Amino acid sequence: MHDNQTGYGLSGKRIAITGGGGYLGSAMALRLLREGARVLICGRSMDSLQSVISKAETIGPLDRLQVKAADVTKPDDLQVLLDWMVKEWGGVDGWVNNAGGAEPSLLGNLDTEKVLNTLNLSLVSAMIATDLVAKVMISAGIAGSIVNVASMYGVVSPQPKTYEHHPQFHNPPA
């Protein structure tokens, strides 16, 4: 293990990251591993998580990294992750609700199913996970942390075309 620990007090902490195969999720997972934490990452597909495993091998042994396929929009999948952490690691110290995404649908022509899918993935799943994790932490007397990651796309549209006639609102400004 490289000695990259910075004294954040994360050594041995048990932390899960949803959306662990994405850009932010993988960066967080690798940093937490460098800090000595035990990290469980999940994603809908093992394919997206494989690159994290490869990068983690350069940090050191993989004994502190767990990789699980899970759909965070399914409460049963969230419960399976939590149950695994409690059974195998004795509890959960931290949880990062990082999974998210959007199915584009423009005003004036909204696709209800796309809107509901987006809300379920980016909002509802985080609320349900927060509730489930908080119950586990409280019942075990763990003063842990739950972090909810949000995207700038909660404020601006990810589609530059939206700002075609209003470049002052595009991020970054056109």
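**Group meeting: a walk through the predicted model**

At a relative accessibility of 0%, alanine 37 counts as buried. Alanine 37 sits in the loop that joins helix 1 (23–34) to strand 2 (38–43). Glycine 9 is 28 residues away from alanine 37 in sequence, and their C-alpha atoms are 9.0 Å apart in space.

Let me now step back to the chain as a whole. The protein chain holds four helices and five strands. Read from the N terminus, the order of these elements is β-α-β-α-β-α-β-α-β. Of the 174 residues in the chain, 36% are buried. Among contacts with a separation of 6 or more, 65% are between residues 24 or more positions apart. The chain exposes about 10200 Å², and carbon and sulfur atoms supply 57% of that area.

Is arginine 14 buried or exposed? Its relative accessible area is 12%, and the cut-off for buried is under 20%, so arginine 14 is buried. Beyond its neighbours within four places in sequence, arginine 14 is in contact with several residues, including Arg38, Met85, Gly94 and Ile142.

How many aromatic pairs does a search of the whole structure find? The search finds one. The pair is formed by tryptophan 84 and tryptophan 89, with 5.0 Å between the ring centres and 75° between the planes. Planes over 60 degrees apart count as edge-to-face, which means that this pair is edge-to-face. Tryptophan 84 and tryptophan 89 are both buried.

Now to helix 4, which covers residues 112–140 and has 29 residues. From first C-alpha to last, helix 4 reaches 40 Å, close to the 42 Å expected at 1.5 Å a residue. Where does helix 4 bend? The bend is at asparagine 120, and its angle is about 45°. At the N-terminal end, helix 4 is capped by aspartate 111, a side-chain oxygen of which lies 3.0 Å from the backbone nitrogen of glutamate 113. Just after helix 4 comes glycine 141, with a positive phi of about 70°.

Which residues of helix 4 are buried? They are Thr118, Leu121, Ser125, Ala126, Ala129, Leu132, Val133, Val136 and Met137. An α-helix has 3.6 residues a turn, so residues three or four places apart point the same way. The cover over the buried residues of helix 4 includes helix 3 (75–89), strand 4 (94–97) and strand 5 (145–148).

Serine 125 deserves a moment within helix 4. Serine 125 counts as buried because its relative accessible area is 5%. Apart from neighbours within four places in sequence, serine 125 is in contact with Val72, Thr73, Leu78 and Asn120. Asn120 in that list is the residue at which helix 4 bends.

Two further residues contrast with those described so far. Aspartate 77 belongs to helix 3. With a relative accessibility of 25%, aspartate 77 counts as partly exposed. Not counting residues up to four places away in sequence, aspartate 77 touches Ala70 and Asp71.

Threonine 58 lies in the loop between helix 2 (46–57) and strand 3 (65–69). Is threonine 58 buried or exposed? Its relative accessible area is 54%, so threonine 58 is exposed. The threonine 58 side chain reaches the backbone oxygen of lysine 55 at 2.6 Å. Leucine 30 is 28 residues from threonine 58 in sequence, and the two lie 9.9 Å apart in space, C-alpha to C-alpha.

To close, I return to two points. Helix 4, for its part, is capped by aspartate 111 and bends at asparagine 120.

Note on methods. Residues are numbered from 1 along each chain as its sequence is written. This is a predicted model: local features need pLDDT of at least 70, side-chain atom pairs count only at pLDDT 80 or more; totals for chains, interfaces and linings use all residues. Side-chain values use heavy atoms; hydrogens and water are left out. Rings of Phe, Tyr and Trp (its six-membered ring) pair if their centres lie within 6.5 Å; planes under 30 degrees apart count as stacked, over 60 as edge-to-face and the rest as tilted. Buried means under 20% relative accessible area, exposed over 50%, partly exposed in between (1.4 Å probe, protein chains only). Helices (H or I, at least four residues) and strands (E, at least two) are DSSP runs, numbered from the N terminus. Contact means heavy atoms within 4.5 Å. Accessible areas come from the Shrake-Rupley method with a 1.4 Å probe; for residues, only the protein chains shown count as cover. The expected span of a helix is 1.5 Å times one less than its number of residues. The bend at a residue is the angle between axes fitted to the seven residues ending there and the seven starting there. A polar contact is a pair of N or O atoms within 3.5 Å; within protein, one must be able to donate a hydrogen and the other to accept it, and residues adjacent in sequence count only if both atoms are side-chain atoms.
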